[in-house]
Amino acid sequence: MNTHQTTALLIGLAAIVVLARLLGALARRFGQPAVIGEVLAGIALGPTFLDGALSDTLFPADIRPLLTALAAVGVAVFMFIVGLEVDAALLRGNGSLATTVSFSSILVPFGLGMLLALYLVDDYGTDDRTAFMLFMGIAMSITAFPVLARILTDRQMTHTPLGVMAVACAAIGDVLAWVLLAAVVAVSGSAGADQWHMLFAVPYLLGMLFLVRPLLHRYAARRPGLRLTPTVFAYVLAGLLLSAAATEWVGLHYIFGAFLFGAILPRTGTERLRAQVHDRLGQMTGILLLPVFFLVSGLQVDLSKLDLDGLGALVLILFVAVGGKFIGAFAAARLNRMPLRESAALATLMNTRGLTELIVLNVGLQLGFLGQDLYSLMVVMAVITTAMTGPLLNRILGRPKDNDVETQPQVPERTAGTVGTAA
C-alpha cells in the first residue's frame, strides 16, 4: 500500500462508520432495526444514486479489494457469533412445535422459490440453471435469527412463550438454511479445478463434532469459572479463523466454518465466557467491520436502470418471499393448535431476513448463482421484509407500551443482532 491508498482507506473507513451509525440511529428512531439504515447507507453510496460518483470519490477502485477483505473478516466473526447463540436448550418443551414450524417455514418458501426461479430463469438465470433454482429456493427460505432476537428484545418478548418459540424456530431455521446452502455450494462445482478438496468436507465435519468439540468441553469442564483472558481470546479467534479457512479450502464457504466453530463451543458452565467473547468481538465488528460489509454489498446494488419489468419481478419476489414464509409458519403453528393471533405473529417474525439474507445473497453473487440485476432486487426484498416486521407486529399484537420500553433493562450492544448495530 502506498500513501495515497492508506489515506483513502482510512478516510473511507471513517465515512463508513459515521454514516452507518447515523443512518442506523435514524432507523431506530422510526422503530426499525439498525441494519435497515446501515444497508440503505451502503446502497446510497453505490451506483444507484449519482451514477456512483460519491462512491468513486470516497472509495477509489484500488482500495476496494481491501474493503472486501475487511468485510469478509466481519462476516466470519458475525457468523461465529450467530453459531455461538444457537443453543439446543431453546428446544426444551418446544421441540416438536419448533421443529415443525421451522421445517414448514423452510420447505414452503423453498418450493415456491424454485417455481419462481423457473419463471425468472430466462431473464435472470445463470449458466447453471439447477444451481440457480436451488439458490433461489434457499434465498426465499432465510430467517435472520439475530435480527429477530433483537426485535423481541426491543418489544420485551424474549422470555414470553411466543418469544421463546420464535427464537427456537429461527435458530433451527438458520441451521437448516446453512446446511441447504452448503449442499448447494458442494454440488454446484463452484470450487472449480480444486473440486477434489470437497473430499475433505466430511472428515472436517466429523473432526469438529467428534474430536474438537469433546476436547473443548473437557477443557471447559476442568476450568470452572473460565474467564476471557487474552490467551483464551486469542485461541478463540484463531479457532474461528482456522475453521473458516478450512471450509473455504474444501470448496464450501468460510461462513460455514465460522458458524460451526461458534456452534460447537461449550454451553454448560461457560455462560460468562461466551458473553465476554460476544461483547469483545461484537463491538468492533458491529461498529466497523459489518458496516464495511454493508458498503461492499451496497456498491453492487444498482437500481438506476430499474424498469417496469424489473418492478414486476420485484413484486413477484416479494410475494413469494413473504407469502411462502408466512403460509409455511402459520399453517404449521395452527396445526399444532397455537392460537390464531400468536400463529400470525410467529409467521410474521419468521419473515425477518436482515443481515443473514445479505450474507446469503453475497455468497450467491460471489459464486455465480445470481446475476447483478437479480442480486439488486433480492437486496431490496431483504430490506422490505425486515422493515415490515415491526409494523405488522404492532397490528397483530399492539404497540409496546411506552412505560414498558422505559423500564426495559439496558442491554450491552452485540453484533449478532440480539443487540447492536447489526440488528
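Mentor: Contact means heavy atoms within 4.5 Å. This is a predicted model, where local features need pLDDT of at least 70, side-chain atom pairs count only at pLDDT 80 or more, and totals for chains, interfaces and linings use all residues. Residues are numbered from 1 along each chain as its sequence is written, and side-chain values use heavy atoms, without hydrogens or water.

Start with Ser243. Ser243 sits in helix H10, residues 230–249 (helices are DSSP runs of H or I, at least four residues, numbered from the N terminus). Its relative accessible area is 4%, so Ser243 is buried (under 20%; exposed is over 50%, partly exposed in between; 1.4 Å probe, protein chains only). Set aside neighbours within four places in sequence. Ser243 then contacts Tyr204, Met208, Gly257, Ala258 and Phe261.

Next, Ile255. Leaving out residues up to four places away in sequence, Ile255 touches Val75, Met79, Trp178, Leu181, Ile359 and Val363. Ile255 also belongs to the largest nonpolar core, which has 130 residues (a set of buried Ala, Val, Leu, Ile, Met, Phe, Trp, Tyr and Cys joined through side-chain atoms within 4.5 Å). Ile255 is among the members that touch the most others, along with Leu67, Phe80, Met136, Leu181 and Leu374. Helix H8, residues 161–187, gives the most to this core: 15 residues.

Leu374 leads on to Tyr124. Tyr124 touches Leu374, and also Phe132, Asp309, Gly310, Ala313, Asp373 and Leu377, again not counting residues up to four places away in sequence. The place of Tyr124 is in helix H5, residues 95–124. Its relative accessibility is 14%, so Tyr124 counts as buried. Leu66 lies 58 residues from Tyr124 along the chain, and their C-alpha atoms are 30 Å apart.

Last, helix H17, residues 389–397. Which residues of H17 are buried? They are Thr389, Gly390, Leu393 and Asn394. Seen down the axis of H17, they fall within an arc of 135°, so they line one face of the helix (the arc is that of the directions from the helix axis to the C-beta atoms). What do these buried residues pack against? Three helices: H7 (145–154), H14 (340–349) and H16 (372–387). Just past H17, Gly398 takes a positive phi of about 90°.

Key
Helix = DSSP H or I, 4+ residues; strand = E, 2+ residues; numbered from the N terminus.
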